[in-house]
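Hi everyone, thanks for coming. Let me put the sequence and the structure up on the screen, and then I'll walk you through them.

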Amino acid sequence: MKTSTERRLFDNPDWVRDILNTSSTGLWSICVNTKTGKAGMFASAMMLELLGLDDHPSPDVCYHHWFSRIDPPALQYVQDTVDRMIQTGEFMEVQYLWHHPVWGDIHIRCGGKLYFRADNEIELRGYHQNISELVDLKQENLLKKRELEEVGKEKQRYNALFESMLCGIVQYRYGKDRKAVFKNANP
């Protein structure tokens, strides 16, 4: 049973809309006639922005706009996930590259599930989220990690070379009083 605070908070459409907009998350409903294959998409205002649409076109135009801009290498992955969503009725999620008409390529996390099925009609409902910033940060972190690993390898190579020299090598620096301060010496 929900408390009055929970009802005010979680049943408040303005609050939910603010959260979705702040997180670049749009909501969608896709209706498909399984006999004809005809599909249509209904989209929230944020979903329309994520699709690069100023106003809501007809459901079939909206669906085609979304589907036609999925990056070709991801197309089968998205289709297979949607098929599993329909077959199992379970929530499914995918991440893929999508070609936004204004912003260029964006990374999308999209999730949903079967909401309704009757005869040849099915309806899927879910969300569409722009995760490009997260993907960029992850790639930056991977690059930094590789750079640090390379620095570590270079340090190991240097130390191995330093230790293997047959002649004496000394590392030192001059202190503030102009006296030599020894740092390292090979055996």
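Let me begin with a definition: a charge sits over a ring if NZ of Lys or CZ of Arg is within 6 Å of the ring centre and within 35 degrees of the ring normal. With that in mind, look at Arg178, which lies over the face of Tyr174 at 5.2 Å from the ring centre. Arg125 does likewise over the face of Tyr115, at 3.5 Å from the ring centre.

A quick word on where this comes from. This is a predicted model, with local features needing pLDDT of at least 70 and side-chain atom pairs counting only at pLDDT 80 or more, while totals for chains, interfaces and linings use all residues. Residues are numbered from 1 along each chain as its sequence is written, and side-chain values use heavy atoms, with hydrogens and water left out.

Now the overall picture. The chain has six helices and seven strands; here helices (H or I, at least four residues) and strands (E, at least two) are DSSP runs, numbered from the N terminus. Reading along the sequence, you get α-α-β-β-α-α-α-β-β-β-α-β-β. The radius of gyration is 28 Å, well over the 16 Å that the globule rule gives for 187 residues, so the chain is more spread out than a compact globule. For the record, that radius is taken over C-alpha atoms, and the globule rule is 2.2 Å times the number of residues to the power 0.38. Along its principal axes, the C-alpha trace spans about 85 × 45 × 35 Å. To see some of that on screen, find Ser68 and Gly175: they are 107 residues apart in sequence, and their C-alpha atoms are 67 Å apart in space.

How much of the chain is buried? Of the 187 residues, 29% count as buried, where buried means under 20% relative accessible area, exposed means over 50%, and partly exposed is in between (1.4 Å probe, protein chains only).

Let's go inside. A nonpolar core is a set of buried Ala, Val, Leu, Ile, Met, Phe, Trp, Tyr and Cys residues joined through side-chain atoms within 4.5 Å. The largest one here has 29 residues, and Met41, Leu51, Trp66, Tyr96 and Trp98 touch the most other members. Elements giving two or more residues to this core include β1 (25-33), β2 (39-43) and β4 (104-118). Which element gives the largest share of this core? That is α5, with five residues.

Thr81 is in helix α5, and it is buried, with a relative accessible area of 3%. Not counting residues up to four places away in sequence, Thr81 touches Met92, Glu93 and Val94.

On to the aromatics. Rings of Phe, Tyr and Trp (its six-membered ring) pair if their centres lie within 6.5 Å; planes under 30 degrees apart count as stacked, over 60 as edge-to-face and the rest as tilted. The structure holds four such pairs. The rings of Tyr63 and Phe67 have centres 5.7 Å apart and planes at 10 degrees, so this pair is stacked. Tyr63 and Phe67 are four residues apart in helix α4, so about one helical turn separates them. Trp66 and Phe67 have ring centres 5.6 Å apart and planes at 65 degrees, so that pair is edge-to-face. Together, Tyr63, Trp66 and Phe67 form one aromatic cluster. Within it, Trp66 is buried, with a relative accessible area of 5%, whereas Phe67 counts as partly exposed at 24%. Ser68 is in helix α4 too, which covers residues 59-68, and at 43% relative accessibility Ser68 counts as partly exposed.

Last, the cysteines. Cys31 counts as partly exposed at 26% relative accessibility, while Cys110 counts as buried at 9%.

That's my tour, so over to you for discussion.

Conventions: Contact = heavy atoms within 4.5 Å.
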